[in-house]
Amino acid sequence: MRSPTPGRAQEPRDSPGTAVQLRCCLGPVPISMPIRVVYVLDEPHRKGFAFGALAGHPVSGEVAFIVERFPDDSVWFTLRSLSGPGKGLWWIAYPIVVLLRGRFQNSYLQALAEPLDLLEAGDNGSHGHGS
């Protein structure tokens, strides 16, 4: 499994079926989250990907990240998540995972903010972005 560089937004280069090991820390506790790329969107005005949780992930389910530019030049980010408790001991920790969900969603938005700010700065601020 490939491990992405933590704290850096990267352009996904993986294809459907590729397994990736995500890692994060909750305080001093390292957490490993195995996932598999389900699909990749690479259209002129729409980019994104989805991954599904593999055995050993804190939750079961799928998450999709889609960035889309509309004809009015607005840019929108869609985060779609369908999840439930993971298997084994993760089932017990699911209520905590639900409480931390907002933290993870904010980290996704922060990872997108820098590239969007650079894009807007390069276009002299002529493009807006939605929420």
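This briefing describes the strands, side-chain contacts and surface exposure of one structure.

The structure is a predicted model, in which local features need pLDDT of at least 70 and side-chain atom pairs count only at pLDDT 80 or more, while totals for chains, interfaces and linings use all residues. Residues are numbered from 1 along each chain as its sequence is written, and side-chain values use heavy atoms, with hydrogens and water left out.

- Strands here are DSSP runs (E, at least two residues) numbered from the N terminus, and two strands pair if DSSP finds at least two bridges between them.
- Strands of a sheet pair through backbone hydrogen bonds, either parallel or antiparallel.

**Strands 4 and 5**

- Strand 4 (residues 59–69) and strand 5 run antiparallel and are joined by 11 bridges.
- Along this pairing, Val-59 stands opposite Pro-85 in strand 5, and Val-67 stands opposite Phe-77 in strand 5.
- The hairpin of strand 4 and strand 5 has 5 residues between the strands, and Asp-73 takes a positive phi near 70° in this hairpin.
- Leu-79 lies in strand 5 and is partly exposed, with a relative accessible area of 27%; the classes are buried under 20%, exposed over 50% and partly exposed in between, for a 1.4 Å probe and protein chains only.
- Leaving aside neighbours within four places in sequence, Leu-79 is in contact with Val-63, Ala-64, Phe-65, Gln-105 and Tyr-108, where contact means heavy atoms within 4.5 Å.
- The C-alpha atoms of Leu-79 and Leu-109 are separated by 9.4 Å, although the two residues are 30 residues apart along the chain.

**Aromatic rings**

- The structure holds 3 aromatic pairs; rings of Phe, Tyr and Trp (its six-membered ring) pair if their centres lie within 6.5 Å, and planes under 30 degrees apart count as stacked, over 60 as edge-to-face and the rest as tilted.
- Phe-49, Phe-51, Phe-65 and Phe-77 are linked by ring pairs into a cluster.

**Buried polar residues**

- Gln-21 has its place in strand 1 and counts as buried because its relative accessible area is 14%.
- The side chain of Gln-21 is joined to that of Ser-32 by a polar contact of 2.5 Å and reaches the backbone nitrogen of Met-33 at 3.5 Å.
- A polar contact is a pair of N or O atoms within 3.5 Å; within protein, one must be able to donate a hydrogen and the other to accept it, and residues adjacent in sequence count only if both atoms are side-chain atoms.
- His-57 lies in the loop between strand 3 (46–53) and strand 4, and it counts as buried because its relative accessible area is 10%.
- A polar atom of the His-57 side chain lies 3.1 Å from the backbone nitrogen of Val-59.
- Not counting residues up to four places away in sequence, His-57 touches Met-33, Pro-34, Ile-35, Gly-86 and Trp-90.

**Salt bridges**

- The count comes to 3 salt bridges, each defined as a side-chain nitrogen of Lys or Arg within 4 Å of a carboxyl oxygen of Asp or Glu.
- Asp-42 and Lys-47 meet through their side chains in a salt bridge of 2.5 Å, N to O; Asp-42 counts as exposed at 60% relative accessibility, whereas Lys-47 counts as partly exposed at 42%.
- Arg-46 forms a salt bridge with Glu-43, the closest N and O atoms being 3.1 Å apart; Arg-46 is partly exposed at 25% relative accessibility, and Glu-43 is partly exposed with a relative accessible area of 35%.
- Asp-73 forms a salt bridge with Arg-69, with the closest N and O atoms 3.5 Å apart; Asp-73 counts as partly exposed at 29% relative accessibility, and Arg-69 is partly exposed with a relative accessible area of 23%.

Conventions
Helix = DSSP H or I, 4+ residues; strand = E, 2+ residues; numbered from the N terminus.
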